[in-house]
Amino acid sequence: MSEKECAYYRTLYEVAKGINSSLEPVTVLRAIVEQVAKALDAKACSIRLLDRKGRTLLASTSYGLSKGYLRKGPVEVDKSRIDQETLTGAVVQIKDASADPRFQYPDAAKEEGIASVMALPLTVEGRAIGVLRLYCGNVREFEQSEIDFATAIANLSAIAIENARLHQALKTDYELLTAYDYTMHE
């Protein structure tokens with residue numbers, strides 16, 4: 001097994017361990033984006049989640065991106081062909097983000113030093129909930145082993161997000177039930 005493959009397995013192990021140890025999505029997702037960026041030798045990584053209406057991808061967490069880039073403007077699905085394609089379940093690669101019409105903010109990408117991008121869907125039970133993006137400072141085409149690894153990470157990320165959402169819903173239901181029960185016994 002190559003050193004690169006060993007790094008993938010170590011990262012998968014760390015991601016799975018992190019998901020299993022915390023229901024705090026911010027903590028888990030921060031660790032995921034940092035670990036996947038480092039494992040794939042990428043400049044940066046981000047996770048964006050669909051809003052309730054499915055029209056905008058909201059910034060969830062990122063690693064390696066400047067605050068200025070993160071504030072470039074809303075990522076609207078209707079205006080971002082890379083995200084439209086990704087949300088259908090496809091892994092999308094862009095060799096040159098500053099020149100590809102599928103990328104919504106090409107000037108911001110150029111200013112940030114982003115050349116290539118790979119976007120992967122975050123899906124739960126066949127339903128897209130967001131996008132994981134890897135950003136590279138150099139022009140690059142990802143190898144199939146890198147795509148497979150990133151897909152596994154995206155799937156684990158979606159599970160972590162869904163687990164956190166379910167946990168929060170249960171917690172809210174429990175608190176409401178407890179409050180109701182308390183008022184009934186007064």
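In this predicted model, strands β5 (residues 116-124) and β6 pair in the antiparallel sense. Nine bridges link the two strands. Within this pairing, Thr123 stands opposite Ala128 in β6. The two strands form a hairpin, with two residues between them. Glu125 lies in the turn and has a positive phi of about 50 degrees.

Strand β6 also pairs with strand β1 (residues 44-50). This pairing is again antiparallel and runs over six bridges. Here Leu49 stands opposite Gly130 of β6. Strand β6 spans residues 127-136, and eight of its 10 residues are buried. The strand is therefore largely enclosed by the rest of the structure.

The largest nonpolar core comprises 31 residues. Ile47, Leu122, Leu132 and Leu134 have the most contacts inside this core. At least two core residues come from each of α1 (3-21), α2 (25-39), β1, β5, β6 and α6 (144-184). Helix α6 supplies the largest share, eight residues.

The surroundings of Leu132 were examined in detail, with residues up to four places away in sequence not counted. Leu132 touches Cys45, Ser46 and Ile47, among others. Its contacts also include Met118, Ala119, Leu120 and Leu122. Ile153, Ala154 and Ser157 are touched by Leu132 as well.

How values were computed. Residues are numbered from 1 along each chain as its sequence is written. This is a predicted model: local features need pLDDT of at least 70, side-chain atom pairs count only at pLDDT 80 or more; totals for chains, interfaces and linings use all residues. Side-chain values use heavy atoms; hydrogens and water are left out. Buried means under 20% relative accessible area, exposed over 50%, partly exposed in between (1.4 Å probe, protein chains only). Helices (H or I, at least four residues) and strands (E, at least two) are DSSP runs, numbered from the N terminus. Two strands pair if DSSP finds at least two bridges between them. A nonpolar core is a set of buried Ala, Val, Leu, Ile, Met, Phe, Trp, Tyr and Cys residues joined through side-chain atoms within 4.5 Å. Contact means heavy atoms within 4.5 Å.
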